[in-house]
Amino acid sequence: MPGIVIVGAQWGDEGKGKATDLLGSRTDFVVKFNGGNNAGHTVVVGDEKYALHLLPSGILTPGVTPVIGNGVVIDLEVLFHELEALSARGVDVSRLRISANAHIITDYHRTLDKVTERFLGKRSIGTTGRGIGPAYADKINRVGIRVQDLFDESILRQKIEGALDSKNHLLTKVYNRRAVTCDEIFDDLTSYVERLRPMVADTGLELSRALDDGRTVVFEAGQATMLDIDHGTYPFVTSSTATAAGAASGSGVAPSRLDRVIGIVKAYTTRVGAGPFPTELFDEWGELLRKQGFEFGTTTGRPRRCGWNDTVLTRYASRINGLTDIVLTKLDVLTGIESIPVCVAYDVDGERFDELPVSQSDFHHAKPIYESLPGWSEDITGARELSDLPANAQAYVRFLEERSGSRISAIGVGADREAIVQVHDLID
Ligand code: IMP
């Protein structure tokens, strides 16, 4: 049985929960392999609604082992806050496994995230302010603190002191903030040690063994392809590998163990934070998508920028991730629109681009070239088979499929968990 990767194919918030739901009871492990508490998903189980930012969604499914991989950055306060909130509601959180090599987000990372954004002014990224970028910067600079460092007090002190050497200069002399002491960080981090200890594991080894034993492991990417540090719209990206390749490096499982890559594509496009977005709508159509699609951030509450579907992006995401399947989400949001524009190429200063321009400056100037497809007005939320969809909705799906270069295996047609048209099985 397979290793399955789930990735966002646009700028995030595509609704990965639909794919996780489809895999449902056939999943044994769900792994978060990148990012931190910058993500946000709302999971509805029965009458209960859960908002998770850091924990993998698998924590809510009985029998599934949730794993936080080495590629993640962990804010311990958020981790235990989420765990306690779930426990209080009767969720069994005892199966959670955490990589000894995952990095820790500290108080100074959160402070630096906020002050650097403020200093960037007009050039700010619009980060979630959770300390994600500064924690990954420390990891790459080799002054980060890993989960395993918490279990050796002398090493922990040395590492905090090493990190604070330059941080305190930056905080006090550049950003005019107060210095941080080694003791306050040490006391904060060590206050979690005993609760953390039973969860910490060699997760790469455990996951590889699980795959050897024929278990199904789902690797769920945080953020999305266009926010990937290497392949996204740099610098308006997150600081981790949010594409399928990250599933291997961020979890310690070999790339050859990954059998399926499922890309999640929203029927239209959204983005939070700054950066180029060719199909963005500034008129009443953008407002309509935002309202009909409830497009407000789960983590920050920010209204999301909205625009039409962009098949140039999806084609790019298909290639970069090697998508084997697409789950198309929120098709019902487009119901009632008479004619639906879909971006098929870009015009950059008079030149046509069928693929993403290699130059970021060109991408900033890209104007969408649209083809318009006839819409439908019938309620599609009850559709469960492709043939239940109105002919124009079917044609819209087929058009996106042809242009994106990957088969569409499922279609989300409503907010309910069951509101899915399944076309192909996601595990076979
Ligand atoms: P950071 O990840 O907080 O550093 O933010 C970097 C960029 O990624 C910003 O534009 C954020 O809005 C965006 N971002 C981070 N996490 C998510 C997410 O889960 N969904 C959508 N956008 C995100």
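**Entry 1: helix H2**

I began with helix H2, which covers residues 76-88, in what is a predicted model. I asked how far apart the end C-alpha atoms of H2 should be.

I then looked at the two ends of the helix. At the start of H2, I found a side-chain oxygen of Asp75 within 3.1 Å of the backbone nitrogen of Glu77. Just after H2, I noted that Gly90 has a positive phi of about 85°.

Which residues of H2 are buried? I listed Leu76, Val78, Leu79, Phe80, Glu82, Leu83 and Leu86.

**Entry 2: the surroundings of the ligand**

An oxygen atom of the ligand lies 2.9 Å from an N or O atom in the side chain of Asn38. For Gln223, an N or O atom of the side chain is 3.2 Å from a nitrogen atom of the ligand. For Arg302, a polar side-chain atom is 3.1 Å from an oxygen atom of the ligand. I also noted the areas: the ligand taken alone exposes 470 Å², and the protein buries 96% of that.

**Entry 3: Asn38**

I located Asn38 in the loop between strand S2 (29-32) and strand S3 (41-45). Is Asn38 buried or exposed? Its relative accessibility is 11%, and a residue under 20% is called buried, so Asn38 counts as buried.

I found two contacts of Asn38 within the protein. Its side chain reaches the backbone nitrogen of Gly36 at 2.9 Å.

**Entry 4: backbone angles in loops**

Asp13 lies in the loop between strand S1 (3-8) and helix H1 (17-23). Its phi is near 60°, a positive value in a residue other than glycine. With a relative accessible area of 28%, Asp13 is partly exposed.

Phe294 likewise has a positive phi, near 50°, and is a residue other than glycine. I placed Phe294 in the loop between helix H10 (284-292) and strand S13 (305-307). What is the relative accessible area of Phe294? I recorded 67%; the limit for an exposed residue is over 50%, and Phe294 is therefore exposed.

I also checked a peptide bond: the one from Tyr234 to Pro235 is cis, with omega near 5°. Pro235 lies in the loop between strand S10 (217-220) and helix H9 (245-249).

**Entry 5: Arg305**

I finished with Arg305, which is found in strand S13. At 18% relative accessibility, Arg305 counts as buried. I noted that Arg305 and Glu287 are 18 residues apart along the chain, with their C-alpha atoms separated by 9.1 Å.

Terms used
Residues are numbered from 1 along each chain as its sequence is written. This is a predicted model: local features need pLDDT of at least 70, side-chain atom pairs count only at pLDDT 80 or more; totals for chains, interfaces and linings use all residues. Side-chain values use heavy atoms; hydrogens and water are left out. Helices (H or I, at least four residues) and strands (E, at least two) are DSSP runs, numbered from the N terminus. The expected span of a helix is 1.5 Å times one less than its number of residues. Buried means under 20% relative accessible area, exposed over 50%, partly exposed in between (1.4 Å probe, protein chains only). A polar contact is a pair of N or O atoms within 3.5 Å; within protein, one must be able to donate a hydrogen and the other to accept it, and residues adjacent in sequence count only if both atoms are side-chain atoms. Accessible areas come from the Shrake-Rupley method with a 1.4 Å probe; for residues, only the protein chains shown count as cover.
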